[in-house]
Amino acid sequence: MYEISEKLRELLAADLPVAVLTGAGVSAESGVPTFRGDEGLWKQFQPEELANVDAFLANPELVWNWYQYRRNIISQVEPNQGHFSLAKMEKRLSSFTLITQNVDDLHRRAGSRNILELHGNIVRNKCIKCGRQYENLPESEEVPQCECGGLIRPDVVWFGEMLPQDIIQKAFLAAEKASVFFSIGTSALVQPAASLPVMAKNRGAYLVEINVEPTVLSSHADEFLQGKSGEVLPVIIRECGLE
Ligand code: APR
């Protein structure tokens, strides 16, 4: 089973500020494909073809229906024990910030509340022209239009787009403040998210990585727990008295 270090137990027992960065790996056990794994989404398509505004303007139906395909997968899955464990951690700790790159809404469905969605959320849409938000649009293969005449797009951050500045600032603040920083289920390749664990570590945080395989971050981590987040996180919750 997974060996949780004495150091991590002490830090969590002391109720010191904790920040967490999650990536697609946290949702893998729910059945949501990751981006860069063997069956990852980028194996079938190129990010440049789909997850960017030029691709959307060039072929709105293709991009819209790729997101409908992903929404369809997400509508049929449930949060897993990894999501639920992070929601428990938030309830038990005085200072806990969940920063996610995921757009699948599973952290919120698992009960997390203080969530910084760096890349937006696939359940939301917005008008490409006036920015008006739309939730729960009816299923449609046609790209819906806003009352202003603009096309409606998923409210996610595409390659080449700026992240919501207020959210990224809060994320960096939480990383600076953290005594413990978890990087979970992310390849730690995409900026600016990938800078968060490194900055936290440089500011003195105890850096814990949870992943099924080593990443570019692993050599910086104080503790690398190799395994599925849906299995490792419940062990941390149980062994560190966060039930
Ligand atoms: N438990 C823990 N880690 C896992 C699991 C699991 N069950 N399954 C896969 N992983 C790990 C993989 O080893 C990989 O390191 O999750 C990571 C997923 O990496 P990516 O597919 O690159 O996803 P992510 O890091 O979230 O990508 C970041 O890139 O394409 C953009 O906007 C997109 O938010 C995404 C960003």
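1. Buried is used here for a residue with under 20% relative accessible area, exposed for over 50%, and partly exposed for values in between (1.4 Å probe, protein chains only). Strands are DSSP runs of E of at least two residues, numbered from the N terminus.

2. The model is predicted, and local features need pLDDT of at least 70, side-chain atom pairs count only at pLDDT 80 or more, while totals for chains, interfaces and linings use all residues. Residues are numbered from 1 along each chain as its sequence is written, and side-chain values use heavy atoms, with hydrogens and water left out.

3. Strand β2 covers residues 96–100 and is mostly covered, five of its five residues being buried. Phe96, Leu98 and Thr100 point one way from β2, Thr97 and Ile99 point the other way, and all are buried. In a regular strand, side chains alternate between the two faces of the sheet.

4. What does β2 pair with? Strands are taken to pair if DSSP finds at least two bridges between them. Strand β1 (residues 18–22) pairs with β2 in the parallel sense over five bridges. Strand β3 (residues 115–117) also runs parallel to β2, joined by three bridges. Thr100 takes part on both sides: Thr100 is the bridge partner of Thr22, and Glu117 in β3 is the bridge partner of Thr100.

5. The ligand is surrounded by 22 residues, the closest being Ala24, Arg36, Thr186, Ser187 and Asn211; a residue counts if one of its heavy atoms lies within 4 Å. This shell divides into seven nonpolar, 11 polar and four charged residues. Nonpolar here means Ala, Val, Leu, Ile, Met, Phe, Trp, Tyr, Cys and Pro, charged means Asp, Glu, Lys and Arg, and the others, Gly among them, are polar.

6. Polar contacts are pairs of N or O atoms within 3.5 Å; within protein, one must be able to donate a hydrogen and the other to accept it, and residues adjacent in sequence count only if both atoms are side-chain atoms. A polar side-chain atom of Glu29 lies 2.9 Å from a ligand nitrogen. The side chain of Arg36 has an N or O atom 2.6 Å from a ligand oxygen, and for Glu213 the corresponding distance to a ligand oxygen is 3.5 Å. The protein covers 91% of the 730 Å² of accessible area that the ligand has on its own (Shrake-Rupley method, 1.4 Å probe).

7. Asn211 lies in strand β8 (residues 206–211) and is buried, with a relative accessible area of 10%. Its side chain reaches the backbone nitrogen of Glu213 at 3.1 Å.

Key:
Helix = DSSP H or I, 4+ residues; strand = E, 2+ residues; numbered from the N terminus.
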